[in-house]
Amino acid sequence: MQKVYLDSAATTQVREEVIAKMQEALANCYGNPSSTHSFGRSAKTQIEKARKTIAKQLNASPSEIIFTSGGTEADNMILRCAVRDLGVKHLITSKIEHHAVLHTVEQLEQEYGVKVSYVDLNNCGTPSLESLEELLKNSEAKTLVSLMHVNNEIGNMIDIDAFADVCKEHNSLFHSDTVQSIGHWEWDLQKTKVDFLTAAAHKFHGPKGIGFAYIRKNIPLKQLIHGGEQERGFRAGTEPFHNIVGLEEAFVLAYENLDEERAYVTGLKNYFMESLESALPGVKFNGNCASNDKSTYTLVNVCLPFSAEKGALLLFQLDIKGIACSKGSACQSGSSTGSHVLTEILSEEDLQKPSVRFSFSKYNTKEELDYVVNSLKEFANS
């Protein structure tokens, strides 16, 4: 049986170079980075090197990069600390954010009584800049806006510079969950005036359990996790040195190979969409998937022309064929409810049909995509 992995939006295959770096770190650099002896200093030096590497690529300051366990922790830390420490009384987001943001916002509404507003979506499911501007005009309280750069289920991208500029015009803070775009798109944080970003290494061929938050300098957040003074006092706990080394290596390789790999993966996505349209009349692409300038090149969300009964068996049948994909975010795999993103943007008719997210990486081939399309066609005719 052929094995085809098309779920890179959930997590990516770790690069061999990253594995080698992490093995070396585990074997040879085991000192606690907080220790003052040579073993500890050696680990600390490499952590600070990784911080500088990331900051340089993003055109940020090393002091603005805080290592976390991943995107979820970074989102939680930023949102919670903004309400607790900065006097934020109004949170503006959208109903198609990752649950790391949505559930945190809901919890903050209950705990602190903050006002929560939701930006309108256009017909394709992208947050409306005009709606945000209207909400900000009418906001009298200290406000933080949280809108993801690339939607993890449908791939829609916002014009992050335009959204950041509107937030600045209205003296509001701007946080963006960039877990699906760090490592896949270029950034210049002197040009893009966001206050907070989040990233996770396992989305760009690094290890799980490590990511970072970007917190613009002179924003006085305090630590969420108490204990030691690691991460400049932002985040207590012994740093996972081997994971940070793996993150740095994955980050460097992602940007060194960005143009070549983006062109290759874009070609795969376009080929897959054309093949599906030819093989399955009636197939639809959710969100802005069909527009390469309004959607990420790394994924496509497909509404397939199958009945609800047939759709209920689809992922099971694909799994039997060795094909990995998903109905939505991997974080929802234990949920019995459907995708909250698709519920917001699809018609009742299309919600009765199965929608599947296929996401790609440098490790995929056109031959694999042919196998997937043929498997879907066989299933349609069975």
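Which residue lies over the face of Tyr271? I looked this up and found Lys366, at 4.9 Å from the ring centre. I counted a charge as sitting over a ring if NZ of Lys or CZ of Arg is within 6 Å of the ring centre and within 35 degrees of the ring normal. I also noted Lys362, whose charged end sits over the ring of Tyr363, 4.1 Å from its centre.

Ground rules. The model is predicted, and local features need pLDDT of at least 70, side-chain atom pairs count only at pLDDT 80 or more, while totals for chains, interfaces and linings use all residues. Residues are numbered from 1 along each chain as its sequence is written, and side-chain values use heavy atoms, with hydrogens and water left out.

Helices (H or I, at least four residues) and strands (E, at least two) are DSSP runs, numbered from the N terminus. In soluble globular proteins, nonpolar side chains tend to be buried together.

Aromatic pairs. I found eight in the structure. Rings of Phe, Tyr and Trp (its six-membered ring) pair if their centres lie within 6.5 Å; planes under 30 degrees apart count as stacked, over 60 as edge-to-face and the rest as tilted. Phe204 and Phe251 are edge-to-face, at 6.1 Å centre to centre and 70° between the planes. Phe204 is in the loop between strand S7 (196-200) and strand S8 (211-215) and Phe251 is in helix H7, so the pair ties together parts 47 residues apart in sequence. Both are buried (under 20% relative accessible area, with exposed over 50% and partly exposed in between; 1.4 Å probe, protein chains only). I noted one aromatic cluster of Phe204, Phe212, Phe251 and Tyr255.

His202. I placed His202 in the loop between S7 and S8. Is His202 buried or exposed? His202 counts as buried because its relative accessibility is 17%. Its side chain joins that of Thr11 in a polar contact of 2.8 Å. For a polar contact I required a pair of N or O atoms within 3.5 Å; within protein, one must be able to donate a hydrogen and the other to accept it, and residues adjacent in sequence count only if both atoms are side-chain atoms.
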